[in-house]
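Have the structure open while you read.

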Amino acid sequence: MRFIKKSRKKVGAPPGTLVHVGEKQTHRVDITLTEYDGETLSEKQIPDVDALIRETTGKEMVRWIDINGIHDVSIIEAMGQAFQIHPLVLEDILNTGHRPKLEAQENYVYIVLKMIQFDDEKDQIQSEQLSLLLGDGFVISFQEKPGDVFDAVRERLRSGKGRIRKNGCDYLVYALLDAVVDYYFLALENFSDRIEAMEEVLMEDPSPRILEAIHASKREMIFLRKQIWPLRDIVGQLRKGEVPYVQSLNRMFYDDVYDHMIQAVEITESFRDMLSGLQDLYLSTISFKMNEVMKVLTIIATIFIPLTFIAGIYGMNFQYMPELTWRWGYGAVWLVMGVVALGLFFYFKKKRWL
Amino acid sequence: MRFIKKSRKKVGAPPGTLVHVGEKQTHRVDITLTEYDGETLSEKQIPDVDALIRETTGKEMVRWIDINGIHDVSIIEAMGQAFQIHPLVLEDILNTGHRPKLEAQENYVYIVLKMIQFDDEKDQIQSEQLSLLLGDGFVISFQEKPGDVFDAVRERLRSGKGRIRKNGCDYLVYALLDAVVDYYFLALENFSDRIEAMEEVLMEDPSPRILEAIHASKREMIFLRKQIWPLRDIVGQLRKGEVPYVQSLNRMFYDDVYDHMIQAVEITESFRDMLSGLQDLYLSTISFKMNEVMKVLTIIATIFIPLTFIAGIYGMNFQYMPELTWRWGYGAVWLVMGVVALGLFFYFKKKRWL
Amino acid sequence: MRFIKKSRKKVGAPPGTLVHVGEKQTHRVDITLTEYDGETLSEKQIPDVDALIRETTGKEMVRWIDINGIHDVSIIEAMGQAFQIHPLVLEDILNTGHRPKLEAQENYVYIVLKMIQFDDEKDQIQSEQLSLLLGDGFVISFQEKPGDVFDAVRERLRSGKGRIRKNGCDYLVYALLDAVVDYYFLALENFSDRIEAMEEVLMEDPSPRILEAIHASKREMIFLRKQIWPLRDIVGQLRKGEVPYVQSLNRMFYDDVYDHMIQAVEITESFRDMLSGLQDLYLSTISFKMNEVMKVLTIIATIFIPLTFIAGIYGMNFQYMPELTWRWGYGAVWLVMGVVALGLFFYFKKKRWL
Amino acid sequence: MRFIKKSRKKVGAPPGTLVHVGEKQTHRVDITLTEYDGETLSEKQIPDVDALIRETTGKEMVRWIDINGIHDVSIIEAMGQAFQIHPLVLEDILNTGHRPKLEAQENYVYIVLKMIQFDDEKDQIQSEQLSLLLGDGFVISFQEKPGDVFDAVRERLRSGKGRIRKNGCDYLVYALLDAVVDYYFLALENFSDRIEAMEEVLMEDPSPRILEAIHASKREMIFLRKQIWPLRDIVGQLRKGEVPYVQSLNRMFYDDVYDHMIQAVEITESFRDMLSGLQDLYLSTISFKMNEVMKVLTIIATIFIPLTFIAGIYGMNFQYMPELTWRWGYGAVWLVMGVVALGLFFYFKKKRWL
Amino acid sequence: MRFIKKSRKKVGAPPGTLVHVGEKQTHRVDITLTEYDGETLSEKQIPDVDALIRETTGKEMVRWIDINGIHDVSIIEAMGQAFQIHPLVLEDILNTGHRPKLEAQENYVYIVLKMIQFDDEKDQIQSEQLSLLLGDGFVISFQEKPGDVFDAVRERLRSGKGRIRKNGCDYLVYALLDAVVDYYFLALENFSDRIEAMEEVLMEDPSPRILEAIHASKREMIFLRKQIWPLRDIVGQLRKGEVPYVQSLNRMFYDDVYDHMIQAVEITESFRDMLSGLQDLYLSTISFKMNEVMKVLTIIATIFIPLTFIAGIYGMNFQYMPELTWRWGYGAVWLVMGVVALGLFFYFKKKRWL
């Protein structure tokens, strides 16, 4: 069930009550602390939040804290105290059914969005909630599951090439968003393949299975659109420089992501139109095929019905049926039947019913 | 009948005429006076409006007057005089068919909205009108029926934990709205379950009953949307601080409700799309099943019609039918029939009609 | 034909040409002059416009001139001269096919709208054009037919209770508009009843008559929407105080009408959705019923066709048909037929085709 | 082919290349010069543009140059030089596939729109492009064909009554636009008649011809809407006084045309809804009729199939069929058949299938 | 696959990574340098970017560098360095799946759009990406394939007539855009022909092939609309003078292109409506034809079924069937059958089923 998460919170509970809402997870929560500037980079696995505070060097570096799991409420709570995060924001981080939004608070900017991956096994889109906190000198990312969306970013950080080590925290946020958007495009490409495949199958063998596939794709498209649409606005705010902690020198990169977002929105729109078109095509194809079958069958029946009637006539037992005693009566009946059958056949042919 | 309440008022009656419009109610009207500040809290059942005025302490406390019934017009009138409420507002309180709105008057803010509860017995949404008056130091709430939507709020007041005892009247209004919105989400979750259930049933056994269920859900969705859409604007006004009696320190909580409202709007939109999708799916499924049945049956008929014709031929009573006297005539006919039947069968098979 | 009135004016005629456009009327035109202030009220039937001028007292009173018929062009012309009404406005008053609008002229405000009444006999909405002129100390109303929409207002004026005698000309206009809107709601209630009735009938006996009824309701809904939508804007202008001759103390009453107008707009939208839903439901129901019938009939035919074939076999006249001479041949055939019939029956049952 | 004119211009030709685009015309181009002020009026047929310059008096009069044909490019070119019209504007005048627009140039205002006439013979809308140039003291109108849309305006000019002789060039433009809009309404009235006629025919005899008529009307409606929509904006600009050469004293008349345009837009919208409704109704009616026919026919077949089976039974030639020798066997079979037939008949009746 | 280009870039690659995205091309990249002012014009084929720099004269001329191929990344990179083009812009030039956009950078304006050509052989629209850079004294154009869209512009440059040699770089960009838009109109004209052709075929012989053609046209229309819509905005920005390097004297020409773009948008909208209409018409036509066939066939069957029944009656072998021994029994049966057949025939005729 995708469009609403069960038990958003205990009904009537006070705001800021911290409850994890979403699929149950049991894996260990990993905390990764990456600190870097133009010259040095250190990457550490941290056991708990207290250790995190201890490990943090006081230097002027970009600190990226990546937390791979939000089902352990105590960690979120500890992070909240350590970084002075508002209880309502913590509640939002824990509620995996949240719609994408950006909230500028006094000492940080809070962004929540969905990461999309296409699960080839289940042949389905998998989504995972990502919460980002961008503050003065730090970026905190909360993911639901350990995953590989950010591996490429990490790789670029380690290699130390390009702007990524020099352009500060907001560039890191850009790089993370860009990685997320890249996966959106992968999912869209996959959709595109699926639509093409369905189109081909549809012409040859329209079965209800293909209809269910179209229906399922439509639902996923609704879901995807719901994630992409608000994300566009979020990136729009970031690029316009209305958001604190975003430097003007990095705005052009947000422009680039924004372009991709608009393209993604347009592609979803096109896909929606195409799926509707496919559905129409399915219905017409199936009804056309059905009609063809019925027509041919009915025509066969219609040709034989008068013939059977003629046979019935001469099957009657009247004592006085002169035709029955004629020498060529039987042959004549075959002749009549042949004429009737051919007559009907050519009539149907002429009428283009065959 | 949901979308319009009968006899809105006597046609042509002057404005401010106080008439109760809605389902007839007969229960006794309960008035509950709750007074609290950070330290103390008193909760009293009050028999009538005069007593209410007497019981009210002059102290600087938050006073919440909760009235569980609006069918007794005299009580509403007395409240109107006691708190100087405009006759047009009183008329709106009594008219249970009103659309959600917010009206800022000189000495109070008037909010009217619908509370939604899902009635499991009737398998239907139940709605009840809630009027809220937020003034300087007081909150008045008018409900149609005694109910439990606000029980959680009351509980939090009594326990005295959290901000609720300290943040003033506007926070109380926030808490009440938040409780109402929680029930909206409960109703939406319930809808989600129903849609899922319908989807499953539909694949197995598409019957007109499921179509009626889809149709009924669509109607409820239209109704729900009509309630949620204007409520979004109301909360939007409250959070922007355009409304008197709302303190800036509580605005962030209204932001939170606003987020929930937007999410609710989006969920209704998604549900509407999904219900339309279900309807399409129903129609295609049923027509596909029907086609399958008709096709098989027609094919059976089509195979037997030529066979019956052949049998008819040799049922004719012509004197000169050489085949009839042949030794193996009967067997030959069976052979011919078998060939025809198999021929047709394989032809249909080849054409993928079977 | 409702959506366009024939011969709007002679094509190419100069602007301001006074021609009555609409249904031909023959009744006598009544002019009623009502003059009142807080203390006194006089009501007179006036024979013609000259008399009207003579009868008018010079005192500081609210003068309401109600003209029950616009087919007598000379009266409109005389009114135009007496009150200095622009020829283009006079043309609009005479053209009953006009869309609702508000025009603020120098010495008066011109409002044109449609009054709606539900005609129970014809089971149809009846509309009549109402033109209102609000000036300094006078209100002129032009109706097409003598009617009772304003009777309640007249009654309130005579009784002298409430604000109506004290709040001036603009309050009178408010009272008239409010009376018109009350009739809109009556028509909408009536619609609501009709929709409910159609819904019930539809489930039991879907006939093309119900489809025509839905179609007719849709057309009326389109018409109603066309009247209500611009009226909303008109009332919106009045309440915002952008219009001269409207006092700020009466604005709250316009707010009230505005609320009703928005509600009316929303109800029409809901009805439109519901009518579309009904149409879909009709189509599905009828096709489902049809399918059920065809299926059962086809199955009956399909069971009997093989049986008839078997009977045909033993109707053949071959000399050497061993079965025919068997002692139990006839019984055996019955047995075989029974087995075939039951076999098919249970097969169809298993396939859920029956 | 309506929505795009072939060979808009030679692809890649420089801007301002003068080529006539549209239906080939061969008639002689008429140039009519009308000069008037409040007192005098002169109307002359002019052979060519040079003569036009010579004939023009230097006096302070309104000069209206009406050119009835744009297929002679040399005339347009000469006009361009004489009145200093920009080459791009000349190109637009010659391209009859242009969408309505208004362009304010330094020394004139250029308006291009479509004149609509209903051709009763072809039962189709005919459109003709009209270009208007409003400058200081002159109005130039370019039409494609000699026609009678402006005859009424000419008549009013000659009679000299009303404002038309006194209010200047912009009033003349208003009068011309008003005449064009009057013809729009004639076309809409005609549409209205057609829709009504189609509605009546549809109930009685739904044939594919009516569907084609609906389809054709829809296409014409799309075309009409495309012309009316931008014209509304053009008139809107004229009435707001944003356009040079329009005096404020004439603005009220533009207001009047604007009202008509809005009404025309709304009528087209209503017609579109009604045409869609008609199409739905057609489809339902035809499918209902078809169903009725099929149902009755199938029922007849279904009743006779078991009877024929019974007859087949006693047509078998078994030696031992006791019933055949019974005295009342034949009568008994008739009885059984009657019972079966009546039983089925009443069963179908009860099931409401008949 | 049209709506999304595979492997937009390596997922997670840093921004500005130069990878060619699009169909593989192998042809040699041509660089053409055209330098001109009012008097002189030189046109040279340049082997590589270094030569380009050398060949460029320092004079005050308009330099147009046209590059016919973007699959050689090294050339793009060299151009980037030579003209200081931002890496993100270079990435966009290489990504042929980009949506149309305009980006104003410090030292140039970057425009990316699609050129459309109709491929008569494949009966399909072919699109090619065009990137334009407009800077101080230079215009750079990047095309995917060598092609003839700009041949007309080149011709006009060489001939030296008209404004094209005098009005500067921005006029050249205008001329290029205008040439592109001309090809859009060619494609639309072609569409128009196709729609007309489909409409004619549809009435005579509705086959699923025509449905597929409609479906394919719809997809191309969605694609075309996606290209035209943002291009309209781009030209809109250019004409408003918000973009650097565009002189006000050339704005009127951009106005002209803008007009064409709006017209193109409207034509696509009309085509979309018409294609939907065609699809509806197809479905109704095919279902009407089918119904006609089925009805006639069923009627034939229905007439013969009772006749066959009668024949079956007298085929029974009862010993006591008095009719069988009657002298005129056989004739009487023929009479009865004739009466039944004619009766049914006229009944169906009367019911308008035939």
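What follows covers the ground rules, the A/E pair and B:Glu128.

## Ground rules

This is a predicted model: local features need pLDDT of at least 70, side-chain atom pairs count only at pLDDT 80 or more, and totals for chains, interfaces and linings use all residues. Residues are numbered from 1 along each chain as its sequence is written, chains are lettered from A and ligands numbered from 1 in the order written, and side-chain values use heavy atoms, leaving out hydrogens and water.

## How A and E are related

## The A/E interface

About 5600 Å² is buried between chain A and chain E, 67% of it from carbon and sulfur atoms (accessible area lost on being put together, 1.4 Å probe, summed over both parts). A:Met252, A:Phe309 and A:Phe318 supply 12% of chain A's share, more than any other three residues.

The rule finds three salt bridges across this interface (Lys or Arg side-chain nitrogen within 4 Å of an Asp or Glu carboxyl oxygen). E:Arg99 and A:Glu266 meet in a salt bridge, 2.9 Å from N to O.

## B:Glu128

B:Glu128 is buried without a salt bridge, and B:Lys145, the nearest side chain of opposite charge, is 5.0 Å away (buried: under 20% relative accessible area, 1.4 Å probe, protein chains only; Lys and Arg count as positive, Asp and Glu as negative, with His and chain ends not counted). The backbone nitrogen of B:Glu144 lies 3.2 Å from a polar atom of the B:Glu128 side chain.

Definitions and conventions:
Helices (H or I, at least four residues) and strands (E, at least two) are DSSP runs, numbered from the N terminus. Buried means under 20% relative accessible area, exposed over 50%, partly exposed in between (1.4 Å probe, protein chains only). A polar contact is a pair of N or O atoms within 3.5 Å; within protein, one must be able to donate a hydrogen and the other to accept it, and residues adjacent in sequence count only if both atoms are side-chain atoms. Buried area is the accessible area (1.4 Å probe) that two parts lose on being put together, summed over both.
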